[in-house]
Amino acid sequence: MKLQARVAATALVVAGLLAALAGCTSGQGGRAARPSLTPPPAGAAVAPASGRDAMMQLPLGAYGTTDGRSEMASQALRALITKCMHEGGYATFTRDDALNEGRRPDAATALPAGAFGYLSEGVAAVQGFHPSPETVAAPARRALEPAEEGAVQKCMETAFAQLNNPDTAGSELVGRLFDESLAVLAKDARVTAATTAWQGCMSAAGFPGVTPQGLVDQYHAAGAQAAAGPSPEELAAAKADAACTARTNLAGIWFEVLTGYQKQLIEANQQKLTDYQQKSREREAKLTRIIAES
């Protein structure tokens with residue numbers, strides 16, 4: 001199968017999670033209520049073990065795509081493509097031929113850094129601001145004949161049509177709520193104070209005038225991680241980021257405050273989110289039936 005086709009298939013499976021983590025939205029459906037948010041009370045502000053786990057465990061994460069839901073969608077997509085191929089006369093086609101998704105991201109090495117700061121000094125020392133190569137490498141798949149590739153492409157399009165959800169209002173609502181929670185978070189006094197402390201620590205370490213997200217953007221803009229690995233400068237910046245994040249508890253404060261704001265937004269939009277959850281359960285039941293029937 002062509003690389004583009006396999007990449008597109010993988011994108012369908014993970015699109016919900018990426019949209020939730022990035023706060024990307026489109027369309028006009030499900031307009032969110034705009035409550036007057038108040039700064040959440042201070043608590044223990046414990047830093048999470050990894051950025052990926054922390055993002056998925058946020059209150060709004062309950063309305064997004066979990067690893068389990070992504071795996072269910074992947075299995076259903078594989079089942080539909082394989083069934084279509086068998087009906088087209090390709091009896092030896094298997095589910096492993098249907099998608100080339102790569103390895104599941106490791107929580108400790110995926111999304112290692114971001115606006116909340118770096119979370120692992122050990123990871124920073126090895127991979128800098130880039131995901132581990134193992135999280136993006138795709139395993140080799142059987143080479144398909146040209147006619148088989150064309151048939152797979154058609155079957156994939158048919159499977160997409162069966163699985164795509166035309167009702168996007170709920171997912172758009174969740175995305176907008178993520179946007180709102182991040183916007184108010186950026187202005188929160190606790191977060192701005194922690195970020196200022198982090199900047200002072202980074203300046204003392206030899207990296208003046210930087211921001212947590214700016215560091216990530218700076219090294220990602222330089223291109224993909226070279227075969228030889230991240231540069232000594234990137235590793236030094238990442239290690240300093242990890243140390244300063246731990247020293248100032250930036251990540252603990254960032255996630256605690258974000259959690260508080262998201263809880264308020266969920267309460268203000270509870271009925272719409274409950275309706276969206278019900279539709280999500282109905283879609284999961286559909287995926288379960290597809291997998292069982294295969």
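Walk along the sequence and the pattern reads α-α-α-α-α-α-α-α-α-α-α-α-α. This is a predicted model, and its protein chain has 13 helices and zero strands. Of the 294 residues, 41% count as buried. Take the contacts between residues at least 6 apart in sequence: 84% of them join residues at least 24 apart.

Helix α3 covers residues 67-87, which makes 21 residues. From its first C-alpha to its last it reaches 30 Å, close to the 30 Å expected at 1.5 Å a residue. Its buried residues include a run from Ala76 through Leu77, Arg78, Ala79, Leu80 and Ile81 to Thr82. Ser70, Ala73, Ser74 and Met85 in α3 are buried too. After α3 comes Gly89, with a positive phi near 100°.

Now for a pair of helices. Two packed helices are described by the angle between their axes and the distance between the axes. Here the pair is α8, residues 169-186, and α13, residues 270-293; their axes come within 9 Å and cross at roughly 135°. Why call α8 oblique to α13? An angle over 145 degrees would count as roughly antiparallel and one from 65 to 115 as roughly perpendicular, so the crossing at roughly 135° leaves α8 oblique to α13. As for handedness, the crossing of α8 and α13 is left-handed.

Which residues do the touching? From α8 come Gly170, Ser171, Leu173, Val174 and Leu177, and they meet Lys272, Leu273 and Tyr276 in α13. Sorted by type, the residues of this α8 and α13 contact are five nonpolar, two polar and one charged.

Technical notes
Residues are numbered from 1 along each chain as its sequence is written. This is a predicted model: local features need pLDDT of at least 70, side-chain atom pairs count only at pLDDT 80 or more; totals for chains, interfaces and linings use all residues. Side-chain values use heavy atoms; hydrogens and water are left out. Axes are lines fitted to C-alpha atoms, for helices over the stretch in contact, and angles run from 0 to 180 degrees between N-to-C directions. Helices (H or I, at least four residues) and strands (E, at least two) are DSSP runs, numbered from the N terminus. Angles under 35 degrees count as roughly parallel, over 145 as roughly antiparallel, 65 to 115 as roughly perpendicular and the rest as oblique. A crossing is left-handed if the near helix is turned anticlockwise from the far one by less than a right angle, and right-handed if clockwise. Contact means heavy atoms within 4.5 Å. Ala, Val, Leu, Ile, Met, Phe, Trp, Tyr, Cys and Pro count as nonpolar, Asp, Glu, Lys and Arg as charged, and the others, Gly among them, as polar. The expected span of a helix is 1.5 Å times one less than its number of residues. Buried means under 20% relative accessible area, exposed over 50%, partly exposed in between (1.4 Å probe, protein chains only).
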